[in-house]
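Welcome, and thanks for taking a look at this one with me. Here is a short tour in numbered points, to be read with the structure open beside it.

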Amino acid sequence: MPPSRFELRTRPVSRDFFDTNGGNRARKCWHNAEMPSDVPTEPCATATPTVPPEMIAGAPVRPIVRTIPETPLVDVMGGSARWTIPVHEHGFVALCDAMPRLVPEGKTADFAIVQAARVSYGDGTKHVNEDRGLVRYLLRHRHTTPLEMVEFKFHIAMPIFIARQWIRHRTANVNECSARYSIMPDRFYRPSVASVRKQSKSNRQGSDGTIEVGTAEQFLELLADAEAHYAKYLNLIEQGVARELARAALPVSLYTEWYWKCDLHNIFHFLSLRMDDHAQLEIQDFARAMFALIKPIVPMACEAFEDYRLHAMQLTALEIAALKSGQPLATENSRERAEWDAKRAQLGL
Ligand SMILES: Cc1cc2nc3c(=O)[nH]c(=O)nc-3n(C[C@H](O)[C@H](O)[C@H](O)COP(=O)(O)OP(=O)(O)OC[C@H]3O[C@@H](n4cnc5c(N)ncnc54)[C@H](O)[C@@H]3O)c2cc1C
């Protein structure tokens with residue numbers, strides 16, 4: 001066994017030595033081993049005299065180094081203040097900002113994903129088609145942190161019953177309008193007669209087709225009754241009832257608004273759940289609007305998301321076994337069997 005050795009690295013003895021010799025090889029102290037011939041031979045005890053002041057801990061902050069971009073930068077939102085997609089009668093999803101907002105000419109904001117990933121994978125690939133391959137690899141292999149380097153900020157107006165589902169997505173930063181501070185505007189969600197849906201028989205959480213016109217009209221009258229509380233709400237606020245209490249009389253069809261900022265990885269998680277058929281139709285409409293807003297900004301990531309997540313399917317171990325053997329799914333669970341039937345239908349089996 002060769003003798004073990006370790007080195008103590010000290011600060012360079014002078015700036016000149018640092019610049020020309022690459023810094024921390026400037027002075028080494030070798031213990032328990034033969035000293036290599038190329039190492040300066042002063043003893044450690046003398047290694048202190050001329051340390052540059054800026055390298056001493058606690059020294060003042062050094063000046064900013066500003067780097068000029070190699071290619072001109074362009075705005076991913078084309079100079080717009082916001083991009084808005086109206087949803088239903090009163091709702092909207094508005095994209096207010098993006099990070100990165102500025103990207104090298106000829107690139108999209110996918111650039112930031114690739115840039116972050118190359119910290120791990122090295123320079124290797126540099127062309128646009130190679131960027132696409134890298135983004136697709138990341139999505140396929142759930143290497144998600146590079147996707148967190150892209151962020152979007154939205155301004156959204158939606159009914160409170162949708163906001164309650166939305167807020168369950170905890171990784172976003174949210175600031176909602178305060179019904180304690182402000183008087184809520186007179187905006188309510190009211191579907192058309194033709195879009196009042198029937199309760200689903202197979203899915204207790206879902207709806208299934210439209211209901212007959214007479215029943216739909218009765219439902220819309222009920223909504224109108226609930227909206228009629230608004231005038232009383234205003235009246236009682238004028239009489240001095242605190243807004244924070246008065247709002248308790250308003251229905252969940254009332255619209256609220258918030259700013260919602262989230263990174264791309266978690267937006268994809270949100271979209272995969274809320275663009276799915278199992279999500280409530282109204283929140284699907286908002287999610288689809290959000291996807292339409294980000295798609296031109298991160299087209300490569302969105303394409304990969306559609307290919308590997310949104311329109312992809314996950315097979316369970318039981319399903320793979322059934323597929324291999326040609327036998328029925330080895331479970332008595334009727335819901336699991338129904339899910340397997342749906343997947344087989346989707347696969348054309
Ligand atoms: C079709 C559908 C039906 C639903 N039905 C119901 C229902 O009946 N009742 C109900 O209450 N909810 C229901 N939900 C909400 C659902 O349970 C989730 O709360 C919601 O979809 C948010 O998902 P998430 O926690 O994965 O997302 P996010 O909150 O965005 O979190 C993203 C990921 O971050 C991680 N994470 C975030 N915060 C934490 C934390 N505190 N601890 C550990 N990990 C964390 C998790 O890995 C999580 O998947 C439903 C959702 C859908 C889509």
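1. A term to start with: a nonpolar core is a set of buried Ala, Val, Leu, Ile, Met, Phe, Trp, Tyr and Cys residues joined through C-beta atoms within 7 Å. Please keep in mind that this is a predicted model. In the largest such core there are 53 residues, and F286, M290 and A301 touch the most other members. The element that gives the most to this core is helix α9, residues 281–294, with 8 residues. As general background, nonpolar side chains tend to be buried together in soluble globular proteins.

2. Now the overall picture. The chain contains 12 helices and 11 strands. Its length is 349 residues, of which 21% count as buried. If you take contacts between residues at least 6 apart in sequence, 65% of them join residues at least 24 apart.

3. Helix α9 deserves a visit of its own. From its first C-alpha to its last, this 14-residue helix reaches 20 Å, close to the 20 Å expected at 1.5 Å a residue. The buried residues of α9 are I283, F286, A287, A289, M290, F291, L293 and I294. Which elements cover them? The cover includes strands β4 (83–87), β5 (91–99) and β7, along with helices α4 (160–166), α8 (264–274) and α10 (299–310).

4. Leaving out residues up to four places away in sequence, F286 touches V87, G91, V93, I156, M158 and I162. Two of these contacts, V87 and G91, come back in point 6 as bridge partners.

5. Is W166 buried or partly exposed? W166 counts as partly exposed because it has 19 C-beta neighbours inside 10 Å, while a buried residue needs 20 or more. Apart from neighbours within four places in sequence, W166 is in contact with M158 and I283. W166 and F286 are 120 residues apart in sequence, yet their C-alpha atoms are 10.0 Å apart in space.

6. Next, the hairpin made by β4 and β5. These strands run antiparallel and are joined by 5 bridges, with V87 having G91 in β5 as its bridge partner. There are 3 residues between the two strands. H88 counts as partly exposed, because it has 19 C-beta neighbours inside 10 Å.

7. Two further backbone details are worth checking by eye. M99 and P100 are joined by a cis peptide bond, with omega about 0 degrees; P100 lies in the loop between β5 and β6 (102–104). R142, which is not a glycine, has a positive phi near 50 degrees, and sits in the loop between α3 (128–140) and β7. R142 is exposed, because 10 other C-beta atoms lie within 10 Å. For context, most residues other than glycine have a negative phi, and most peptide bonds are trans.

8. Strand β11 (residues 255–263) can be followed through two pairings. With β7 (residues 151–159), β11 pairs in the antiparallel sense over 9 bridges, and K153 stands opposite K261 in β11. With β8 (residues 173–176), the pairing is also antiparallel, over 4 bridges; here E176 stands opposite W258 in β11.

9. Turning to the ligand, which residues are around it? They are R168, H169, R170, T171, Q205, N266, H269, L273, H278 and A279. Sorted by class, this shell has 2 nonpolar, 6 polar and 2 charged residues.

10. Last stop: R337, in helix α12 (residues 334–347). R337 is partly exposed, because 15 other C-beta atoms lie within 10 Å. Setting aside residues up to four places away in sequence, R337 touches L329 and T331. The C-alpha atoms of R337 and E319 are separated by 9.4 Å, and the two residues are 18 apart along the chain.

Note on methods
Residues numbered from 1 in each chain as written. Predicted model: local features only at pLDDT ≥ 70, side-chain atom pairs only at ≥ 80, totals over all residues. Near = placed C-beta within 6 Å. Nonpolar A, V, L, I, M, F, W, Y, C, P; charged D, E, K, R; others polar. Buried ≥ 20, exposed ≤ 12 C-beta atoms within 10 Å, placed from the backbone. Contact = placed C-beta atoms within 7 Å. Pairing = 2+ DSSP bridges. Expected span 1.5 Å × (residues − 1).
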